[in-house]
Each structure stands twice: as structure tokens, then as C-alpha cells.
Amino acid sequence: FFLNMMNVKYVVGEGDKIESWPGLDRAFFIENILLDSYGDKDKRLNSLYNISGISPGHLSYVTKSHSSLALDWKKFDLIEHSLIHSFNLSESDSIIDIDNSNPNELYVEVLTSGPQFLAIGEIYYPNGWYASINGNPTKIFEVNDLIRGIYIDSEGSHTIKMYFSPSDLRWGSTISWISFLIIFIMIFSKR
């Protein structure tokens with residue numbers, strides 16, 4: 001489950017044998033999203049992984065803390081205390097391009113036939129990461145306690161931008177420049 005979700009393509013086996021692994025792409029659409037009501041990570045993981053043969057592209061979850069998704073949630077009987085929403089994936093839903101040439105930015109171009117949930121196989125880190133869809137700010141969701149997800153609320157062509165801009169880095173840079181200017185002024189004002 002985790003290897004598929006993290007875009008693993010090869011696994012080193014016994015005797016340095018490299019085995020092909022059918023991992024998912026770096027970004028993938030999720031067909032069914034669960035809203036977890038447990039609040040207990042261990043129970044959540046055990047319940048999800050006890051469903052045999054599950055793929056993160058077929059079924060993944062967001063935690064209750066991310067319940068701002070205004071979707072038509074239905075009761076999910078296979079996992080206690082969970083709600084589910086299914087997306088209508090079609091063949092026209094596709095990931096056109098992924099550009100990660102800058103380590104602090106990620107661009108994903110997608111084409112959707114309606115509302116979809118896109119997962120990106122990168123670690124979820126809430127402090128400093130922001131996202132936008134076609135230039136409009138949007139929320140990044142934590143998917144399966146590990147990776148990032150974006151809810152796309154309409155059909156069409158979309159450019160998703162994720163960028164890293166932590167406030168402590170901006171504050172540190174500002175304080176450094178101010179300190180440099182003060183020292184510079186102090187050195188040259190004594191002459």
C-alpha cells in the first residue's frame with residue numbers, strides 16, 4: 001500500500017535482485033475518499049489495510065481534522081466510524097504534466113471531467129506548503145497520514161501549483177537584512 005502510494009518502481013530483493021514494483025504514478029486520482037472519524041491513527045491504519053488488495057488509487061482517506069471537504073458523504077460499512085465519497089473517474093480524467101524542476105515548487109497539469117481528488121506522492125508537511133488551482137488558493141489535505149492531496153471542484157483543464165514558502169524563512173531573511181544594514185551603517189558612520 002505505502003510503496004504504491006509513494007511511487008516506488010523497483011524493490012531490491014534477496015541477493016541484490018531488483019524486482020519491478022507496480023507503483024502508482026507520482027500523482028494519481030483517488031476514486032473513493034474516506035473521512036475518518038476515529039482520530040486514532042493505529043485503528044485507522046489497521047482497518048484500511050485489512051481490506052485485502054486495496055490500492056491507494058481506489059480507496060484512501062483524509063482525517064476528520066480535514067472535514068472541510070463539502071462532499072456528499074455516505075456511511076461506509078467496511079470500516080467502522082467512516083464516511084465515504086466516490087468520485088466519477090472517466091477515461092478523460094488525466095494528468096497531463098508534472099514539473100518539479102524547482103525543489104520548492106511543483107506544478108501538475110490535469111484534465112478533469114468533474115470534481116476529483118488528486119493525490120501527490122510526496123510527504124505531507126503542513127508548515128510552509130501552499131497550493132493553488134489555476135491561481136486560486138486551495139487547501140492541501142493529508143491523505144493516508146502520509147501524502148498530500150488536492151480537491152479539484154470543477155471540470156476542465158487545471159494547473160495545480162504547490163510551493164514551499166515557510167514564514168520562519170521569510171522572517172529570518174528579513175531580520176538578516178536588517179541586521180546587515182545596521183552593522184553596515186555602524187561601520188561607516190564612525191568614519
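A: Happy to, and one term comes before anything else: two residues are in contact when they have heavy atoms within 4.5 Å of each other. Please keep in mind that this is a predicted model, where local features need pLDDT of at least 70 and side-chain atom pairs count only at pLDDT 80 or more, while totals for chains, interfaces and linings use all residues. Residues are numbered from 1 along each chain as its sequence is written, and side-chain values use heavy atoms, with hydrogens and water left out.

Setting aside neighbours within four places in sequence, Asn32 is in contact with His58, Leu59, Ser60, Ile84, His85 and Ser86. With Ser86, the side chain of Asn32 also makes a polar contact of 2.5 Å. A polar contact is a pair of N or O atoms within 3.5 Å; within protein, one must be able to donate a hydrogen and the other to accept it, and residues adjacent in sequence count only if both atoms are side-chain atoms. Asn32 counts as buried, at 11% relative accessibility. Buried means under 20% relative accessible area, exposed means over 50%, and partly exposed lies in between (1.4 Å probe, protein chains only). Asn32 sits in strand S4 (residues 32-36). Strands (E, at least two residues) and helices (H or I, at least four) are DSSP runs numbered from the N terminus, and this protein has 15 strands and 3 helices.

Two strands pair if DSSP finds at least two bridges between them.

S11 (residues 129-133) is mostly covered, with 4 of its 5 residues buried.

The walk ends at S12, which pairs with S11 in the antiparallel sense over 3 bridges. In this pair, Ile133 stands opposite Asn136 of S12. The two strands form a hairpin with 2 residues between them, and Asn134 takes a positive phi near 50° there. That is worth a second look, because most residues other than glycine have a negative phi. Asn134 counts as partly exposed, at 42% relative accessibility. Asp145 also has a positive phi without being a glycine, near 55°. Asp145 lies in the loop between S13 (141-143) and S14, and it counts as buried at 15% relative accessibility.

What packs around the sheet? The largest nonpolar core has 16 residues, of which Leu118, Ile150, Ile152, Ile160 and Met162 touch the most other members. At least two residues of this core come from each of S3 (27-29), S9, S10 (116-123), S11, S14 (147-152) and S15. A nonpolar core is a set of buried Ala, Val, Leu, Ile, Met, Phe, Trp, Tyr and Cys residues joined through side-chain atoms within 4.5 Å. Beyond its neighbours within four places in sequence, Leu118 has contacts that include Ile95, Val108, Val110 and Ile160. Another core, of 15 residues, lies apart from the largest one; among its members are Phe28, Ile33, Leu71 and Tyr151.

Finally, consider Leu69, in the loop between S5 (59-63) and S6 (74-75). Leu69 counts as buried at 5% relative accessibility, and touches Val62, Phe117, Phe141 and Tyr151, not counting residues up to four places away in sequence. Leu69 and Lys139 are 70 residues apart in sequence and 9.6 Å apart in space, C-alpha to C-alpha. Across the protein, 66% of contacts between residues at least 6 apart in sequence join residues at least 24 apart.
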